[in-house]
Amino acid sequence: MKLLYPLLIVAVILTALVGAQARKPNVIIIFTDDQGSVDAGCYGTRDIQTPHTDSLAKRGIRFTQFYAAAPVCSPSRAGLLTGRYPLRAGVPGNTTSIKGRPGMPGEQITIAEHFKSQGYKTAHIGKWHLGYIPQHMPNAQGFDYSFGHMGGCIDNYSHFFYWQGPNRHDLHRNGKEVFEDGKFFPDLMVREACDFIKENQDSPIFMYFAMNTPHYPYQGEAHWLKAYEKLPHPRKLYNAFVSSQDARIGDLLTYLDELGLREDTIVIFQSDHGHSTEERAHFGGGSAGPYRGAKFSLFEGGIRVPAIISWPGTLPQGKTITKIAHSCDWLPTLAELAKVQLLEASIDGKSLAPLLLGKTKEGPHGILHWQVGNGARAQWAVRDGDWKLIGNVRDTSNPKSAGVPVSRLFLSNIKADPGELTNHAKEHPEIVERLKAAHDSFR
Ligand SMILES: [Ca+2]
């Protein structure tokens, strides 16, 4: 008996150690809305203050050729959450902002479902925009907890959707309407996220923190409006909103630091697509930097986005990756990093884990595809190496020309001409044919 007690104690300690080692990392995906290709300090923009986004890049890896799955909200989100091209995820274009209308089909398996199946507690905080019927809302798509709005955007203080009549209140907790009149939505998001983290520390956490910023309406805080008052309109409005967003990212990251969870948490930051030039965005404000295009366009400015992954202690810090990647890759990447077994592997994304961990210098992609909408007039694109072909081109860089097709086919060499100013389609019919055939077989 005397010998048995020390043995038992050793066994208990060993079990605890093994248990601690086997604990899976938390995952937080910060997904911003309509943030332009270069609109963060760490992406070279000089006139916006984004210290917290920049610090995430310093404590992680920043991508320079990262693509959204689509140049518009809902299909971009479907690509992120399913790891599938939006067309295959059943979300070719924007879904509804109206209660009672469907969105992403329930049979799609989301990243939340994969992670939940392995013991993760899962939360959706913020924007949804993937269906407004109970079967397609977050709680039916793998999220234990959901707080936010179901449509495409809200006023950040009244939480009303004002952009098609009749105006509707859209704030929900676990599918039930809740009221928080007058409270700044990004603050509510931080509050909900911190509470969820605090209450679920016994399990690993998967959180989809889908910010409704800097999507219109531009509602930056007064002190940021003051800070940018000398900039031209509407840049000053947009910048104030981006800095207000950045402060909330700071609040969330600071909370993780306070709990000592930073090294146990993989944080991803990405914009859902390029900046908006819509009327409701004052015809601009955001910037695509050297790139052509904006939201709704398959030119680089519509789909090349800021993207960062940070996991201090495990992934390198302050590193830049120039290889091509896209948002469908996060699902298999996170699954590999967190050792989460996928429920099924029928996805289009590829794991970036070997690239992130420095085990390879090669990117996983030979060819990437996009298509927005369905039918013969749907805009599509293929990128293969340095070449990119766009079909049914739409250039939204200049709001006055928005919606006007530039030409049917536009072939560019992204390496030589990242601004996609020269159309090489007539010069290289053989490349056009090859990429067109690749798109046809993809579709
Ligand atoms: Ca968006």
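Strands here are DSSP runs of E with at least two residues, helices are runs of H or I with at least four, and both are numbered from the N terminus. Two strands pair if DSSP finds at least two bridges between them.

A word on the model before moving on. It is predicted, so local features need pLDDT of at least 70 and side-chain atom pairs count only at pLDDT 80 or more, while totals for chains, interfaces and linings use all residues. Residues are numbered from 1 along each chain as its sequence is written, and side-chain values use heavy atoms, with hydrogens and water left out.

Next, select strand 3 (residues 121–127) and strand 9 (residues 205–210). They run parallel and are joined by six bridges. Pick K121: its bridge partner in strand 9 is I205. Contact means heavy atoms within 4.5 Å.

Go to H326, in strand 12. H326 counts as buried, because its relative accessibility is 1%. The cut-offs: buried is under 20% relative accessible area, exposed is over 50%, and partly exposed lies in between (1.4 Å probe, protein chains only). Beyond four places in sequence, the contacts of H326 include F66, Y85 and H365.

Now find the metal. What coordinates the calcium ion? The donors are D33 (OD), D34 (OD), C73 (SG), D272 (OD), D272 (OD) and H273 (NE2), at 2.2 to 2.9 Å. Donors are N, O and S atoms within 2.8 Å of the metal (3.2 Å for Na, K and Ca); water is not among the atoms, so sites may look incomplete. The six donor atoms subtend angles of 48 to 160°, so the arrangement is irregular. D33 is buried, at 0% relative accessible area. D34 is buried too, at 1%.

Show the cores next. The largest nonpolar core has 47 residues, and F63, F206, I309 and W330 touch the most other members. A nonpolar core is a set of buried Ala, Val, Leu, Ile, Met, Phe, Trp, Tyr and Cys residues joined through side-chain atoms within 4.5 Å. Helix 9 gives the largest share of this core, six residues.

Four strands form an open sheet in the order 13-14-15-16, with antiparallel pairing. Strand 13 (367–372) and strand 16 (409–413) are its edges. Select strand 14 (residues 379–384): five of its six residues are buried, so this strand is largely enclosed by the rest of the structure. Six bridges join strand 13 to strand 14, and V372 stands opposite Q379. Strand 14 and strand 15 form a hairpin with two residues between them, where G385 has a positive phi of about 65°. Last, pick W387: its bridge partner in strand 16 is N413.

Definitions and conventions
Four donors count as tetrahedral if all angles lie between 85 and 135 degrees; four count as square planar and six as octahedral if opposite donors are over 155 degrees apart and all others between 65 and 115; anything else is irregular.
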